[in-house]
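Hi,

Here is the structure I promised to pass on. Have a look at it first, then read my notes below.

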Amino acid sequence: MASHKLEALQAAIELALGEKVTQSTLALDELTITCKAENLLEVATLLRDHEALAFTQCIDLCGVDYSAYREGLWDGQRYAVVYHLLSLEHNWRLRLRVFAPDDDFPLLPSVVDIWNAANWYEREAFDLYGIVFEGHPDLRRLLTDYGFVGHPFRKDFPVSGHVEMRYDPTQQRVIYQPVTIEPREIVPRIIREEKYGG
């Protein structure tokens, strides 16, 4: 996107949203704005309905776990949701980021009533990150199994998981059991002959 279009978008957002935007970052030809969780519904509605903005489509929504960001030096909230929005009228794209205020129970309001396309994306973020969307009409797991314990995209989730599933021929059904994979030490071994290379 041309820089004058990005500057026009940034100016329109500052004019329409004002103090509700806590951070505005212009990098790699993309604009990212951040707002507080308590202002999310008002900001999202203004982004959609304000005629100077007209972000009528939510293209994507994803959860983010910042606990290992910058090699663990991150000092902000752990969980965020990032919305990717599109304004067909102005041919603008925007990234909206909102942090969940509580790391122990990440909770944000649902934007399904504003952008219906967010429905399954919110379910995905709930399933994989454990972010709860208050007011979602059908918040349940989407990608993991019904009996799945935990949220696999969280940075503290074990790579091998908690349980494994296998078919038991004696019971003639699928059973769940504790993981039997033993952690391996993955250290590359370099074996060189004496006087190698010289």
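The strands themselves (E, at least two residues) are DSSP runs, numbered from the N terminus. Before the findings, some ground rules: this is a predicted model, where local features need pLDDT of at least 70 and side-chain atom pairs count only at pLDDT 80 or more, while totals for chains, interfaces and linings use all residues. Residues are numbered from 1 along each chain as its sequence is written, and side-chain values use heavy atoms, with hydrogens and water left out.

Strands first. S2 and S5 run parallel, joined by four bridges. The hairpin of S1 and S2 has two residues between the strands, and Leu 28 takes a positive phi near 55° in it.

How covered is strand S2? Mostly: five of the six residues in S2 (residues 30-35) are buried. Buried here means under 20% relative accessible area, exposed means over 50%, and partly exposed is in between (1.4 Å probe, protein chains only).

Now the rings. Searching the whole structure turns up six aromatic pairs. Rings of Phe, Tyr and Trp (its six-membered ring) pair if their centres lie within 6.5 Å; planes under 30 degrees apart count as stacked, over 60 as edge-to-face and the rest as tilted. Take Tyr 66 and Phe 99: their ring centres are 5.4 Å apart and their planes are at 45°, so this pair is tilted. Tyr 66 is in the loop between strand S3 (57-65) and strand S4 (79-87) and Phe 99 is in strand S5 (residues 92-99), so the pair ties together parts 33 residues apart in sequence. Both residues, Tyr 66 and Phe 99, are buried.

Phe 99 also pairs with Trp 74, and that one is stacked, at 5.9 Å centre to centre with 25° between the planes. Trp 74 is in the loop between S3 and S4, and this pair links distant parts of the chain, 25 residues apart. Trp 74 counts as partly exposed, at 23% relative accessibility, whereas Phe 99 has 13% and counts as buried. Together, Tyr 66, Tyr 69, Trp 74 and Phe 99 make up one aromatic cluster.

Technical notes. Two strands pair if DSSP finds at least two bridges between them.
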